[in-house]
Amino acid sequence: MTNYVDWKFAASAGARLVPPGPDVTPDEAVEVVEEIRALAASAVEPVATTARLRAPDAARAPLVVDRRTWIDVNATSMSGMLDPALEAANRRKGKEPSAAAQAVGSKITGAEAGGMLAFLSTKVLGQYDLAPDGDPALLLVAPNIVATERDIEAVPRDFRLWVCLHEETHRVQFEGVPWLREHVIDSARALTSDLMPDGEALRARLEQMATQLPRLFSGDSQGLTELVITPAQRERLADVTAVMSLLEGHADVVMDDVGPEHVPTVASIRERFTKRRKGAGAADRLLRRLLGLEAKMRQYRDGAAFVRAVQEQVGVDGFNAVWTSPETLPTALEITDPAAWVRRVHG
């Protein structure tokens, strides 16, 4: 396979660019990691009971990581997700770049990917790494959890458990639903390959981006990708986004349902955390919009509303029919019309 992105260079560049985490002593760092690990374990049973969905006993335990480890893991996963699409685009183009051009180009794209990973590594509290070509695992990013709890002045133990409840829900989604991980990987790979322009298509899309750029700054956009896709591709992207909205919204609903019994300050945490999302600086908001992170915030909102509405109509067990097969996942239209999903799946 042609090396379009030097992912090792991306990981090393990201590690060099990432800012240091919050100021803690070595002993404090050890205590934080141990407590997050313990709280992640304590989140397993309440999430399983509330969601009525359980990961197998043999499933991998959550990993507590730092920013550099998160970058390294995600560089590997992005390689597994994007490289097949890049290779397919090159085959369609029919012309192999020279070895020199390839070496220089892969370093440039690697540096760009490293910069993006460095930025994202400071934002992510937790993530279920799908690891397309490896072993999936739940990652809990300790420095970001500490930085956020300090920023919103939350009770550390309560905030750490609150985050663990959300991320444990993602773990049971992917570990407790055997087909889901491969379905999401396959859908993302197919969409990425379809979205990857080449030749004249690339030129046309760049021109399209120039005319659509004002929408990006107005907020009426899913990010840069959404500005340069065709109507048919936008439809497929919407269906993939609906699934991501389901997953994020379900995790938010479970964490908040479990919260009152296990997290005494859950109400103030939710209020302060939501306020913090809205209070980012102009530069931060622009970067979030460019990377589609603003759209991700809408996923939490739309997905949670879908889950709540379905559970009100058919209960938790009725909602869990969503995990039966890819055909029972909500479509882009259904994620904002829960009653339509209930009619289709439950009759």
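The secondary structure of this protein chain comes to 15 helices and three strands, and the model you are looking at is a predicted one. Of the chain's 347 residues, 48% count as buried. Contacts reach across the sequence as well: among those with a separation of 6 or more, 78% join residues 24 or more positions apart.

The mean pLDDT of the chain is 83, with 78% of the residues at 70 or more. Residues 282–287 fall below 50, and beyond near neighbours in sequence this stretch has six contacts in the model. Residues 289–293 also have a pLDDT below 50, but that stretch has 18 such contacts in the model.

Now to the interior. In soluble globular proteins, nonpolar side chains tend to be buried together. Here the largest nonpolar core has 59 residues, and those with the most contacts inside it are Phe159, Leu246 and Trp323. A second, separate core holds 20 residues, including Ala10, Val65, Ala75 and Leu117. Back to Trp323: leaving aside residues up to four places away in sequence, Trp323 touches Leu53, Gln173, Val177, Trp179, Leu180, Leu246, Leu247, His250 and Thr328. Leu246 on that list is itself among the residues with the most contacts inside the largest core.

Phe159 takes us to helix α7, where Phe159 and Trp162 both lie, three residues apart, or about one turn of the helix. An α-helix has 3.6 residues a turn, so residues three or four places apart point the same way. The two rings form a tilted aromatic pair, 5.9 Å centre to centre with 35 degrees between the planes. Phe159 has a relative accessibility of 0% and therefore counts as buried, and Trp162 is buried too, because its relative accessible area is 2%. Together with Phe273, Phe159 and Trp162 make up one aromatic cluster.

How many aromatic pairs does the structure hold? There are six. One of them is the stacked pair of Tyr128 and Phe174, with 5.0 Å between the centres and 10 degrees between the planes. This pair links distant parts of the chain, since Tyr128 belongs to strand β2 (residues 126–129) and Phe174 to helix α7, 46 residues apart. Tyr128 and Phe174 are both buried.

Is Arg160 buried or exposed? Its relative accessibility is 8%, so Arg160 counts as buried. Apart from residues up to four places away in sequence, Arg160 touches Val32, Glu35, Ile36, Leu39, Ile145, Val146 and Glu149.

Ile145, Val146 and Glu149 are among the buried residues of helix α6, along with Ala142, Pro143, Asn144 and Thr148. Just after α6, Glu153 takes a positive phi of about 55 degrees.

Definitions and conventions
Residues are numbered from 1 along each chain as its sequence is written. This is a predicted model: local features need pLDDT of at least 70, side-chain atom pairs count only at pLDDT 80 or more; totals for chains, interfaces and linings use all residues. Side-chain values use heavy atoms; hydrogens and water are left out. Buried means under 20% relative accessible area, exposed over 50%, partly exposed in between (1.4 Å probe, protein chains only). Helices (H or I, at least four residues) and strands (E, at least two) are DSSP runs, numbered from the N terminus. Contact means heavy atoms within 4.5 Å. A nonpolar core is a set of buried Ala, Val, Leu, Ile, Met, Phe, Trp, Tyr and Cys residues joined through side-chain atoms within 4.5 Å. pLDDT is the predictor's confidence in each residue, from 0 to 100. Rings of Phe, Tyr and Trp (its six-membered ring) pair if their centres lie within 6.5 Å; planes under 30 degrees apart count as stacked, over 60 as edge-to-face and the rest as tilted.
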